[in-house]
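The points below are meant for a colleague who is opening this structure without having seen it before. Please read them beside the sequence and the coordinates.

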Amino acid sequence: MSWDVLFAALTLTAGYNAAVVAVGAALLGASAAGIGTFVLLRKRALVSDAVSHATLPGIGLAFIVMTAFGGDGRSLAGLMAGAAVTAALGLLAVDAITRRSRLSEDAAIGAVLSVFFGAGIVLLTIIQTMSAGRQAGLSSFLLGSTAGMLFSEAVLITVASAAGVVALYALRRPMILVGFDPSYAAAAGYNVRRIDLAMLLLALVITVIGLKVVGLVLIVALMIIPPVAARFWTDRADRMVLIAAGLGALAGFVGTAVSASAHQLPTGPVVVVTAFVLFCLSLLAAPQRGLLASTLRFRAFEARVHERQGLLAIARGEAVYDRFTLAVLRRRGLVRPDGVPTLIGRGAAAAALRDEARWEAYRRLEPGSPLLGRYDGLTPIETILAADQIAELDRRLALRVAAP
Amino acid sequence: MRLSAPRPQVIAREGQVVEAIDTQSPLDIRGLSVTYGEKPVVFSVDFTVPAGGMVAIVGPNGAGKSSLLKAALGIVPRLSGEITVFGRPIETARGRIAYVPQRSSVDWDFPARVLDVVMMGLYRQLGLWSLAKGEHRSRALAAIERVGLAGFEERQIGQLSGGQQQRVFLARALAQGADLYVLDEPFAGVDAATERAIVSVLQSLVAEGRTVLAVHHDLATVPAYFDHVLLINVRRIAAGRIAEVFNAENLQATYGGRLSLQQLPELDRNRS
Amino acid sequence: MSAEFVQLSLVPLLVGILAAVTCAIPGNFLILRRQALLGDAISHVVLPGIVVAFLVTGQVTTWAMLIGATVAAVTAVLLIEAVRRLGRVDSGAAMGVVFTTMFAAGVIILEQSSARSVHLDVEHALYGNLESLVWLAADGLHAFADPAALADLPPALPRLLAVLAVVVAFHVIFWRALVVATFDEGFARMVGVPVRATSAALIVLVAVAAVAAFEAVGAIIVLAIFICPPAAARLMTDDLKRQVAWSVLFAMLASVIGFFLAAEGPAIFGSENAVSAAGMIATVSGLILGAAVLFGPRRQRAGTPSGV
């Protein structure tokens, strides 16, 4: 790998052509990740895989048709058009198989993906025998290749990707609504089915745009990895789209730069690995939802549950046998190493028991109260109710104890 | 956390003293907590199923009834809790339990006949490899007949009605010959005839001295079908005999005041 | 049978048939468990498995490939589960993250390292190299009894025979566990079916079948023979044993017809060259599935009974 070339590519100083390619790849990454976020929210991520593999026969057929009519078989626009047609057929096929037979969607996706791909390979080998050498460009659509990309092609990809981003922006409101809460959207009058269709068609178009850069085998990765990575940063759909688009753009940009500096490498795999690196960074480091943060949080939660249960057992005079519970209680100074509760421990246990009793009393006193939804076994009732309400509960509890 | 050993239970029915099959509780749950992520769906529940009882688990939707069952049986992971079955840890005593899951947990389009599904109940006897003999088939057929599906053995399960599917599940459980029967919403979405048939089978099981534990969705029929109840809404609200525990106050506490008691006029008499 | 046929076509034809049948059998359970896309994932990660095995051992032996593929499949499944839990996404998305990355890594390692050889080549990783399985030392069927000729037999053939035997044995031995665990996992756990072991074993089996078929049809087309014959079979019958039988029949049909169309088809159009046999096998299997979707006697979902 050539570091000079890499540096030049990253700083957009490697020539006008390369700069356009880089910008195009960034826009492609952004639009792919953007539409991929919506597809992910609708849980149709792998349908895009079937769509992308279904482009291959279309590429072959377009080449044959264009050559038959005396044109240049490798016109990117023409190949893209062919790709789009068979991709749409693939999408229809997945839908038809799922609706008309007892097969489930995953079987339909897998079947369409592999069969269309196989048919496409047949066409490629036919083309290979038809005009040896001339088809040399077509297999680059499998894994992507920016090396030797024509300026016109780079421009086409850049402009089309930009259009994709614009279309995403225009459709963002209905797609966010449907992605986040489809039943609410339907109730609000949106035609969910039509929006889903628009979403898949946009994904199809962006897939076709990305064929030359990333290749059909791996373009689906650009639609899945950045959105999943974005998940670690936020739960809000609108923010997720933006972060995913940013990560996708970064992956596209850096990936094509690296691929340009290493001649042997097809572009697609490099972009995908770049995206995965960003994914790993997000997974580890993201605050709140990252791996580190959420593991720590869950461990703390687990300990609190065991501590609460342990204290309640102590308060009722029961022995605590569970080892993890004992360890937690020991750690917090609530029991001695031999398992006997400390003074502080007894106090905490009594407090826990009182809290449980108050919650129980509140539940019987005001069964319809929405505050009861806050009960999770751990939240003390003093943080929910006012002092006088608690005093009332205590009064009733004392009465109940006193009653025969 | 474990208490001292559970107390033995003997059920007297209509003046006749029937000894429980086992002197220990069929299912003893201590400190069971189940969470999805950080949301507790079951918190610190203690419950002892009385031997020979017909026990209902009742509570609002999403209140953890199904999760309680599945976590107790070890089908989903639990955050904490100790489960003993007839005095032994559940991991070693699963053979004494017959589990009837919700109908929706299965794809009924699966290529199997009624007889095939019921024969699955004999897995413990057959193991991985041994061939099914005539006696196994007879046992399955007997179970099929007991639930009122005689003649349906060769029917594809996909062609059954909801009620018939539920009966197939019950037959599968009967074929196991267990001592404790655990059912998850056995009456949801079934027709009246099937409901009567299932209740009748369950009651005959109890008459044989076995124990039945069921998540039940219909409050109106709880007193008619069951003799014990566990009221749950994340926490255990109340548990015990129907006559003592199934009253307006406990139900209001369980359902958060969203209950209309006009549907249950007989409960007004139990108001404490 | 002419000498030329035995030398050039017999072995690819047999390998194609064996690969298709070997994959179709476990494919039945992949479909019933709704794990068709797991088959997709495993087929893809077979590539990095083989590449790494080659780097470690320096050769393309059967054992190296099998172990490499199994390790890759197990790694992939574990990673998929991790991504699913941590990212809180559906399993399809988790699979998409893991298998594309592993496949991409496999391609990069393949291209960068000296793994490029006549055996390992990115394009053949994508669509196999059935036509290259020639047996030049043979000059007739009697070559199967000639030890000298047998030494030259492409190893893919005996390899697939062995894997097919393992696949069949597995399904015979673990039939009951597979069926009960597939139909109702919760219940299966309660009655003592080794659910997790069965799932793990099936995954390993799929990986082994995929790697055995890899040489013939490559990483992506192998999915066609995992899915299409069993899927078509599913639409033909309601009896599971018969379904498996149908899937084997369809697999054989697809491979034979596909192979001959690829070899002889272009001649019909006046061309001398053959087209991709793997691609043709996939296409024919797809056509069979299409016919089943349109005309299969049991194609409807339950709830729409086609009779009483």
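**Notes on the chains and their contacts**

1. Where chain B meets chain C, the contact takes 23 residues from chain B and 22 residues from chain C, two residues being in contact if their C-beta atoms, placed from the backbone, lie within 7 Å. On the chain B side, helix 1 (65–73), strand 8 (97–100) and helix 4 (123–126) each supply at least two residues, and helix 4 of chain B gives the most, with three residues. Helices (H or I, at least four residues) and strands (E, at least two) are DSSP runs, numbered from the N terminus. By class, this side of chain B has 15 nonpolar, four polar and four charged residues; Ala, Val, Leu, Ile, Met, Phe, Trp, Tyr, Cys and Pro count as nonpolar, Asp, Glu, Lys and Arg as charged, and the others, Gly among them, as polar.

2. This is a predicted model, in which local features need pLDDT of at least 70, side-chain atom pairs count only at pLDDT 80 or more, and totals for chains, interfaces and linings use all residues. Residues are numbered from 1 along each chain as its sequence is written, while chains are lettered from A and ligands numbered from 1 in the order in which they are written. The model scores ipTM 0.93 and pTM 0.86.

3. Chain C averages a pLDDT (the predictor's confidence in each residue, from 0 to 100) of 88, and 94% of its residues score at least 70. Over residues 304–308 of chain C, however, the pLDDT is below 50, and this stretch has two contacts in the model beyond near neighbours in sequence.

4. The secondary structure of chain C consists of twelve helices and zero strands. With 308 residues, a compact globule would have a radius of gyration near 19 Å, and the 20 Å of chain C agrees with this; the radius is taken over C-alpha atoms, and the globule rule is 2.2 Å times the number of residues to the power 0.38. The C-alpha trace of chain C spans about 55 × 50 × 35 Å along its principal axes. Of the 308 residues of chain C, 57% count as buried, that is, 20 or more other C-beta atoms lie within 10 Å of their own, with C-beta atoms placed from the backbone.

5. Chain C also touches chain A, where 50 residues of chain A are in contact with 52 residues of chain C. The elements of chain A that give two or more residues to this side include helix 5 (76–100), helix 12 (219–231) and helix 14 (267–285), and the largest share, 16 residues, comes from helix 6 of chain A. By class, this side of chain A has 34 nonpolar, ten polar and six charged residues.

6. Which residues of helix 7 of chain B are buried? They are Thr194(B), Ala197(B), Ile198(B), Val201(B), Leu202(B), Leu205(B) and Val206(B). An α-helix has 3.6 residues a turn, so residues three or four places apart point the same way. What covers the buried residues of helix 7 of chain B includes helix 5 (134–146), helix 6 (162–176) and strand 9 (180–184) of chain B. Just after helix 7 of chain B, Gly209(B) takes a positive phi of about 100°.

7. The buried residues of helix 15 of chain A, among them Val305(A), Leu311(A) and Ile314(A), pack against elements of both chain A and chain B, including helix 17 (343–365) of chain A and strand 4 (39–49) of chain B.

Note on methods
A residue is buried if 20 or more other C-beta atoms lie within 10 Å of its own, exposed if 12 or fewer, and partly exposed in between; C-beta atoms are placed from the backbone.
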